Structures are given as structure tokens and as C-alpha cells.
Amino acid sequence: MEEYAREPCPWRIVDDCGGAFTMGVMGGGVFQAIKGFRNAPAGIRHRLRGSVSAVRIRSPQIGGSFAVWGGLFSTIDCGLVRLRGKEDPWNSITSGALTGAVLAARSGPLAMVGSAMMGGILLALIEGVGILLTRYTAQQFRNVSPFLEDPSQQPSKEGAPAPGYPGYQQYH
């Protein structure tokens, strides 16, 4: 299953790293804005100041964490594409598992195994949903000839043209 909209492998790492950073900053910004607003002292001015402060302090950290995950995932994925010579869902699943393991390496082998399993399962679910959506949308756009619905447009059994086509008069 090839993805034609993606960059080639060396540039994909930078692209995914930047995209993950952006998602982390935006998602983290929304979450931190709400959290900062709720945890600030009473009064709208204090709550808005607390919200902005929380976004300013924590959003870049969350974005950086997302960027590390995205960059590492993409690097492993590109390595597997190069090693295996093909791009399929197994590369993404394996990349998710290895990324989870590498990011949990400082916590010990048991945490690595747990994170690897979670990363692999999460990416397997994502890839499975992607495959199902692709198959579902492909069925909607099957190539059905519009001429088959109108019986007058179908060719006759002897090979002569159907009524309405040029050359029909010479056979009848």
C-alpha cells in the first residue's frame, strides 16, 4: 500500500517531525489553555493570564515531545523501507513498536516491552482503520458503465450495434 502524497524517505523525517511538532503545540495549547484557565485564581483577568501563561510555558514542551516521537517513528519507518525494500502496513506497525520501546528505554526492559506492545497495537489499529476506509471508499467509486443501465444502449447479441449508434441502419 503506497502513499503517493508523502515525501520521499529522507525528507519525510523532517516533514513528519514538523507536522508532529505543530500538532503537539496546537493540541497542547488548547489543553493547557483550558487547564490554566481552570487552575487560576478567581476573576476573569487572573484566569486569562493563567491560561496564557500555561500555554506559553507548556505548549512548546508538548510540541517537542510530539516532534521527538514523530521524528523517531519516521526515521525507523524509513529504515525499514530501505531494509525491506517495500512500503506496507507492517513497516508502520513495527515502527510504532520500536518507537515505543526506544522512548521507554530509560525506564527499563519491562517498560520497553509494554511500550512496544502499546505502540504496535496502536499503529495496527490505525493501519487497520486506514485499510478499511480505503476499501470502503473504493467500493463507492467502482467503475460501472452508465450504458449498462439503459437497455437501448447495450450491444445486440449478434455483434451488431444497438439502436441509436451509427451503423445501426445497415443491419436493419
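**View 1. Salt bridge between Asp88 and Arg84.** In this predicted model, local features need pLDDT of at least 70, side-chain atom pairs count only at pLDDT 80 or more, and totals for chains, interfaces and linings use all residues. Residues are numbered from 1 along each chain as its sequence is written, and side-chain values use heavy atoms, with hydrogens and water left out. The closest N and O atoms of Asp88 and Arg84 are 2.7 Å apart. A salt bridge here is a side-chain nitrogen of Lys or Arg within 4 Å of a carboxyl oxygen of Asp or Glu. Asp88 counts as buried at 15% relative accessibility, while Arg84 counts as partly exposed at 36%. Buried means under 20% relative accessible area, exposed over 50%, and partly exposed in between (1.4 Å probe, protein chains only).

**View 2. Salt-bridge network of Arg12, Asp77 and Glu87.** Shared partners join these three residues into one network. Arg12 pairs with Asp77, with 3.7 Å between the closest N and O atoms. Asp77 sits in helix α2 (residues 44–84) and Arg12 in helix α1 (residues 9–39), so that this pair links distant parts of the chain, 65 residues apart. Helices (H or I, at least four residues) and strands (E, at least two) are DSSP runs, numbered from the N terminus. Arg12 also meets the side chain of Glu87 in a salt bridge of 3.1 Å, N to O. Glu87 lies in the loop between α2 and α3 (89–103) and Arg12 in helix α1, so this pair ties together parts that are 75 residues apart in sequence. Arg12 is buried, with a relative accessible area of 4%, and Asp77 is buried as well. Glu87 is partly exposed, at 22%. A search of the whole structure finds three salt bridges.

**View 3. Nonpolar surface patch of Val113, Met117, Ile121 and Leu125.** Together the four residues have about 400 Å² of accessible area, computed by the Shrake-Rupley method with a 1.4 Å probe, where for residues only the protein chains shown count as cover. Patches are made of residues with over 30% relative accessible area and no salt bridge; like charges are joined within 9 Å, and nonpolar side chains (Val, Leu, Ile, Met, Phe, Trp, Tyr) within 5 Å. Leu125 is placed in helix α4 (residues 109–140) and counts as exposed, at 56% relative accessibility.

**View 4. The largest pocket and its lining.** The volume is about 500 Å³. A pocket is an open set of points on a 1 Å grid over the protein atoms alone, where a 1.4 Å probe fits, with protein on both sides within 12 Å along at least five of seven lines; lining residues have an atom within 4 Å of a point. Grid points are joined across faces, edges and corners, and the volume is the space filled by probe spheres set on the points. Of the 22 lining residues, Arg6, Asp16, Trp69, Phe73 and Leu123 lie nearest the pocket centre. Helices α1, α2, α3 and α4 each supply at least two lining residues. The lining divides into ten nonpolar, five polar and seven charged residues. In this count Ala, Val, Leu, Ile, Met, Phe, Trp, Tyr, Cys and Pro are nonpolar, Asp, Glu, Lys and Arg are charged, and the others, Gly among them, are polar.

**View 5. Val81 and Ser92.** Val81 lies in helix α2 and is buried, with a relative accessible area of 17%. Val81 and Ser92 are eleven residues apart in sequence and 9.6 Å apart in space, C-alpha to C-alpha.
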